[in-house]
Amino acid sequence: MSTSKQTPLYGLHQELGAKETVFGGYLMPLSYPNGSLQEHRHTRARAGLFDISHMGQARIRVAPDAFEKIAAPFTGDIDTLAPGEMVYSLMTNDAGGIHDDVIVSRLPEGDSDGDGFHITVNAGGKETNLAYLTNALKSAGALQEQDDKALLALQGPDAARVMESELGCSLADLFFMQSRWLVWKDVTCLVARCGYTGEDGFEISIPATHAEAFARALLSHDAVEAIGLGARDSLRLEAGLSLYGQDITATTTPIEAGLAFFVSKRRRERKDFPGSDTIIEQLKTHPDRHLVGLLPQDKALLRPHTEILDKNGATIGEVTSGGFGASFGGAVALGYVAHGFEKPESEVFAKIRSREIAARVTRLPFVKHNYYRK
Amino acid sequence: MSERKYTKQHEWISVEGDVGTIGISEHAQDQLGDVVFVELPAVGKKLEANAEMAVVESNKAASDVYAPVSGEVVEVNPQLEDRPELINESAEDKGWLVKLRLSDTSTDSLMSAADYQNFIKNES
């Protein structure tokens with residue numbers, strides 16, 4: 001345990017009675033005394049506060065003539081983002097696999113540091129990924145890790161009201177996938193309207209020195225409860241959002257993972273991102289496997305690496321994420337199935353212990369997204 | 001009712017006459033987190049000691065529950081189908097899993113509550 005890193009909110013987690021787990025090299029709250037199910041339901045009903053400071057944050061400073069080059073390591077149109085706009089994007093490897101999935105924001109106007117991008121990367125392999133990015137950007141931009149910043153997420157239908165009350169401003173014109181500089185008690189924060197639960201909400205990048213005070217201020221609202229990684233996982237699963245390292249990896253392509261939307265039209269035409277040959281070929285024909293939503297037809301949870309079979313008992317794939325969807329009201333899972341089985345309503349089977357459980361392929365998400373869109 | 005006994009796999013058993021009521025310990029439910037499904041055996045099933053008796057599933061793990069002693073299933077907790085959370089709320093009472101008619105009512109080989117507390121202290 002002593003080798004695990006701690007976030008700036010570690011003391012607060014302990015004070016709140018968190019059960020801990022190690023994730024991405026950090027000692028993180030798995031759940032609080034109310035338990036993951038209640039935390040899950042509370043987030044969908046009111047607002048949940050998540051410490052996600054384990055994730056990597058960095059700024060990319062860009063030379064004015066280098067905006068086009070900045071997009072090179074990503075599959076999306078990073079370079080054409082207007083200030084305050086953000087995208088979910090993928091970094092791919094030469095085989096077309098996913099190196100990491102990231103959020104890239106063009107910095108909103110008004111930062112004294114000037115123009116550039118803010119990027120959030122996954123906790124696992126954070127150092128490697130930031131080094132990879134530094135190298136991939138070459139002369140186009142300089143990457144500075146923001147390890148003096150914490151990252152908090154406030155998610156749920158009451159999140160906007162709570163944020164407006166704390167920040168003393170209206171957020172009615174800050175829409176899903178937009179960010180803005182906002183000031184909380186003289187502390188400038190980068191506030192992004194996004195999240196990993198399917199709900200409306202925010203991710204707030206704040207100096208580590210002020211993170212605990214801000215978290216306490218948010219928790220002082222009746223609507224807000226602290227939420228652990230257990231509920232974060234079940235919330236994102238219900239929202240049909242992939243987890244890097246589980247549903248998407250260095251050996252799964254964006255097309256296999258159902259993320260073709262995040263390989264932009266312009267980049268497909270230019271074929272200028274790592275692994276573009278494989279990815280474009282899969283777009284033209286089809287990949288051999290597809291990431292799909294799965295609904296077991298019996299009371300049983302499907303867990304990662306559970307084999308998926310066809311009706312003749314032949315292996316056609318594997319579960320990558322599974323659990324109990326507390327808002328959906330039953331077991332839900334994500335997994336890869338062979339081409340031909342990806343259509344909604346396809347019947348497959350999952351091998352659980354000594355039993356074979358029928359499961360149905362279904363459209364994602366399992367629970368409707370509630371993003372605040374224009 | 002006899003003294004409640006515990007196993008190293010974190011089951012408890014409490015014997016009355018020749019029927020033993022079995023569940024998972026308070027410690028076990030705490031380790032598992034929120035229980036979402038319970039798979040119980042059919043009434044009439046005969047189980048040897050240490051045979052797989054039930055499965056308790058939380059988002060964290062599926063946990064096998066073993067028969068602490070040999071016997072025949074005479075009843076399973078009917079409430080758990082709709083309210084698996086009873087295991088979290090009351091692991092050692094309302095959240096019981098199975099009643100077994102015991103072939104041998106001796107539970108001398110199992111741990112007392114005090115021994116079990118020592119056991120989990122040393123285990124963690």
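Modeller: A strand is a DSSP run of E, at least two residues long, and a helix a run of H or I, at least four long, each numbered from the N terminus. Two strands pair if DSSP finds at least two bridges between them. This is a predicted model: local features need pLDDT of at least 70, side-chain atom pairs need 80 or more, totals for chains, interfaces and linings use all residues, and side-chain values use heavy atoms, without hydrogens or water. Residues are numbered from 1 along each chain as its sequence is written, while chains are lettered from A and ligands numbered from 1 in the order written.

Start in chain B. Strand 8 of chain B (residues 71–76) runs antiparallel to strand 9 of chain B (residues 98–102), and 5 bridges join them. Glu72(B) faces Arg101(B) in strand 9 of chain B. Strand 8 of chain B also pairs with strand 5 of chain B (residues 46–47). These two are antiparallel as well, with 2 bridges. Here Gly71(B) has Leu47(B) opposite.

Now go to chain A. Strand 10 of chain A (residues 179–184) and strand 11 of chain A are antiparallel partners over 6 bridges. Val183(A) bridges to Thr188(A) in strand 11 of chain A. The two strands form a hairpin with 2 residues between them, where Lys185(A) takes a positive phi near 45°.

A cavity is a set of points on a 1 Å grid over the protein atoms alone where a 1.4 Å probe fits but cannot get out, and lining residues have an atom within 4 Å of a point. The structure holds 4 cavities of 30 Å³ or more. Strand 11 (187–192) of chain A gives at least two residues to its lining, as do strand 6 (98–106), strand 7 (117–121) and strand 12 (201–207) of chain A. Strand 12 of chain A gives the most, 3 residues. Among the lining residues are Leu190(A), Ala192(A), Glu203(A), Ile204(A) and Ser205(A). The lining divides into 7 nonpolar, 4 polar and 1 charged residues. Nonpolar means Ala, Val, Leu, Ile, Met, Phe, Trp, Tyr, Cys and Pro, charged means Asp, Glu, Lys and Arg, and the others, Gly among them, are polar.

The second largest cavity has about 70 Å³. Leu49(A), Phe50(A) and Asp51(A) are among the residues that line it. Helix 1 (10–15) and strand 3 (47–51) of chain A are the elements that supply two or more. Strand 3 of chain A has the largest share, 3 residues. This lining counts 10 nonpolar, 1 polar and 1 charged residues.

Last, the two chains meet. In contact (heavy atoms within 4.5 Å) are 16 residues of chain A and 14 of chain B. There are 6 salt bridges between chain A and chain B, each a side-chain nitrogen of Lys or Arg within 4 Å of a carboxyl oxygen of Asp or Glu. Arg303(A) makes one with Glu57(B), with the closest N and O atoms 2.7 Å apart. Over all chains, the whole structure has 33 salt bridges. One of them joins Arg270(A) and Glu68(A) at 3.3 Å, N to O. Arg270(A) sits in helix 8 (residues 265–270) of chain A and Glu68(A) in helix 3 (residues 67–70) of chain A, so this pair ties together parts 202 residues apart in sequence.

Methods. On a 1 Å grid over the protein atoms alone, a cavity is a set of points where a 1.4 Å probe fits but cannot get out, and a pocket is an open set with protein on both sides within 12 Å along at least five of seven lines; lining residues have an atom within 4 Å of a point. Grid points are joined across faces, edges and corners, and a volume is the space filled by probe spheres set on the points.
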